[in-house]
Amino acid sequence: MSDVRDTTAEANSFRNAEGEIWPSVIERASTAIRAGDGNDLRDLVEDLHEADVGSLLEALQPDDRPRLISLLGKDFDFTALTEVDDTVREEILEELSNDEVAEGVRDLDVDDAVYILEDLDHDDQAEILEKLPALERIALQRSLDYPEESAGRRMQTDCIAVPPFWSVRQTVDYIRDTPDLPDTFYEVFIVDPAHRLLGAVPLDKLMRARWGDRIDTIATEDHQRVHATDDQEKVALLMQHYNLVSVPVVDDSERLVGVMMVDDIVDVLDEEADEDLKALGGVKADEELSDSVWNTVKGRFPWLFANLLTALVSATVIDTFEASIQAMVALAVLMPIVASMGGNAGTQTMTVTVRAIATRQLGRANAWRVIRREMTVGLMNGVGFALLLGTMAALWSGVPGLGVIIGLALMIVLTAAAIGGILIPLALHRFKIDPAVSSGPFVTTVTDVIGFFSFLGIATLWLSRS
């Protein structure tokens, strides 16, 4: 219980009730850095978790970040660099010498070291790797050779592997007596002489077994495994689906090369969700708050340009019905409502669809059922808002026919928005195009064009008969 109180006390001394770093902590760190006071800096950060050190780095001025690392020297845990924005990490690494980076990643887990090194220039990577011991260099190089965002890049290469003929006692003695085992593990893997994976034994099952049992007799049947070249999102979804805390990683010959841990998967799921959310908003997946103004402008401009083109299409539709708008000015007042309702409805359906595609919850097997569901939802919303807004428009304008016009238009546009919001992402996914990135402009165009065309088209027919 005392450990809990101590940890809480440390957290309260670093962060306020809202989880933000106390300004006094940032000021103390800045003062120590500018005074070159490494001792005070050590006193400040020595008991902090690496995630808190990462937060402190982000809170400091850019020039102070590499100076903090240099002042702390060997006392700085480079794991903290895995907890900061990519832009912040890249800026810090640019200011540090390759000798400092090599010394910093020397004692890290392979997955953390790879995370830090993977964005460096190839020449810097090679120079840093040359400064590391042979075994560490080989492990890091092997992971870096795997594709980006693959299991091979994310995995920990340190894992416990034993032959199938060992007893439970031999296995437990090995775990107790071997000093270079991973700090955290949940399973013992069974391999043949060629290091091919045969099975795995969870620790809880191992500790419940009799000492004399052969390890292969208590192995879990049909144990899940992934390949080093598998996409990290695929691995994350598999672990999420089967509630796994770790999963072995094998190469093309089924040899055990590493293990994916649940803490890495949490990061992957967070990254993938973050990418999808940004893409739906027209923001590059790698945009961070720490990016420069120019990089942010370059990233957002293409999406805004695409939206400009869709707006021009919508404007063309409006221009076609110019005479009707002149004949009834109220149409111009109500047009934005139709476009807004259609756009929002389309975005709702598109967001749910894109996320369902990303998490493998939506596919060919259930696509038609979901399409019918969304069509029904769109139609029911259309009827509800048609009655509501139609009544309001009729009372406001004193023209009952206007209520009928906007009511019918809303029913059409909300139904079309629901259909477009699901069919467009599905079609893009079918053609191997990321629906999170590309759906927005298409859905916007569909809802705007159909919304304006239906509203103004129905109004034109009504006016021609009046």
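Analyst: Gladly, and please keep in mind that this is a predicted model.

User: Is D286 buried, partly exposed or exposed?
Analyst: D286 counts as partly exposed, because its relative accessibility is 44%, and the partly exposed class lies between under 20% for buried and over 50% for exposed.

User: Which residues form the negative surface patch?
Analyst: The negative patch is formed by D63, E90, E94, E95, D119, D121, D123, E127, E148, E149, D231 and D286. Two or more of its residues come from each of α6 (86–95) and α9 (122–130), and α6 gives the most, with three residues.

User: Changing topic, what is the strand order in the open sheet?
Analyst: The open sheet has three strands in the order β1-β2-β3, and its pairing is mixed. Because β1 and β3 (197–202) stand at the edges with a single partner strand each, one side of each is left without a neighbour in the sheet.

User: And in which sense do β1 and β2 pair?
Analyst: Strand β1 (residues 161–162) pairs with β2 in the parallel sense, over two bridges, and V162 has I190 as its bridge partner in β2.

User: Why is β2 described as largely enclosed?
Analyst: Five of the five residues of β2 (residues 187–191) are buried, so the strand is largely enclosed by the rest of the structure. E187, F189 and V191 point one way from β2, whereas V188 and I190 point the other way, and all are buried.

Conventions. Residues are numbered from 1 along each chain as its sequence is written. This is a predicted model: local features need pLDDT of at least 70, side-chain atom pairs count only at pLDDT 80 or more; totals for chains, interfaces and linings use all residues. Side-chain values use heavy atoms; hydrogens and water are left out. Patches are made of residues with over 30% relative accessible area and no salt bridge: like charges are joined within 9 Å, nonpolar side chains (Val, Leu, Ile, Met, Phe, Trp, Tyr) within 5 Å. Accessible areas come from the Shrake-Rupley method with a 1.4 Å probe; for residues, only the protein chains shown count as cover. A salt bridge is a side-chain nitrogen of Lys or Arg within 4 Å of a carboxyl oxygen of Asp or Glu. Lys and Arg count as positive and Asp and Glu as negative; His and the chain ends are not counted. The place of a charge is taken as NZ of Lys, CZ of Arg, CG of Asp or CD of Glu. Helices (H or I, at least four residues) and strands (E, at least two) are DSSP runs, numbered from the N terminus. Buried means under 20% relative accessible area, exposed over 50%, partly exposed in between (1.4 Å probe, protein chains only). Two strands pair if DSSP finds at least two bridges between them.
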